Amino acid sequence: MDNQTTRMTTGGVSTCTEAGTEKYERFQTGIGRRRRTLVQYDYRHTDGELFACVKPTLDECRTARDKWLNAKRGKEDRV
């Protein structure tokens, strides 16, 4: 991430600590004209597990989170 400080991490640890919440922030990466904007996304599940990803848009992050939640639900149903 171009060695920039983000609001979402402290010492490399996510600041998304409250269960059932999400945090996201946009950042730029690349050099010169090749810069592009990405979204860093964290979601803390109600069971405390953290989902994190980096995607081009917030919608893509939320879609990935929803797939993760659906897979997690399926796994819990089999237990």
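This is a predicted model: local features need pLDDT of at least 70, side-chain atom pairs count only at pLDDT 80 or more; totals for chains, interfaces and linings use all residues.
Residues are numbered from 1 along each chain as its sequence is written, and side-chain values use heavy atoms, with hydrogens and water left out.

Five salt bridges were found in a search of the whole structure, a salt bridge being a side-chain nitrogen of Lys or Arg within 4 Å of a carboxyl oxygen of Asp or Glu. One of them joins the side chains of Arg 62 and Glu 22, with an N to O distance of 2.5 Å. This pair links distant parts of the chain, since Arg 62 lies in helix H1 (residues 58-78) and Glu 22 in strand S3 (residues 21-29), 40 residues apart. Helices (H or I, at least four residues) and strands (E, at least two) are DSSP runs, numbered from the N terminus. Arg 62 is partly exposed at 26% relative accessibility, and Glu 22 is likewise partly exposed, at 29%; buried denotes under 20% relative accessible area, exposed over 50%, and partly exposed the range in between (1.4 Å probe, protein chains only).

A further salt bridge is formed by Arg 65 and Asp 66, whose closest N and O atoms are 2.9 Å apart. Through shared partners, salt bridges join Glu 22, Arg 62, Arg 65 and Asp 66 into one network.

Lys 72 is buried, at 10% relative accessibility, whereas Glu 49 is partly exposed, at 38%.

Three strands form an open antiparallel sheet in the order S3-S4-S5, where two strands pair if DSSP finds at least two bridges between them. S3 and S5 stand at the edges with a single partner strand each, so one side of each has no neighbour in the sheet. The twist averages 15 degrees from one strand to the next; axes are lines fitted to C-alpha atoms, for helices over the stretch in contact, and angles run from 0 to 180 degrees between N-to-C directions. S4 and S5 run antiparallel and are joined by six bridges, and Tyr 41 stands opposite Cys 53 in S5.
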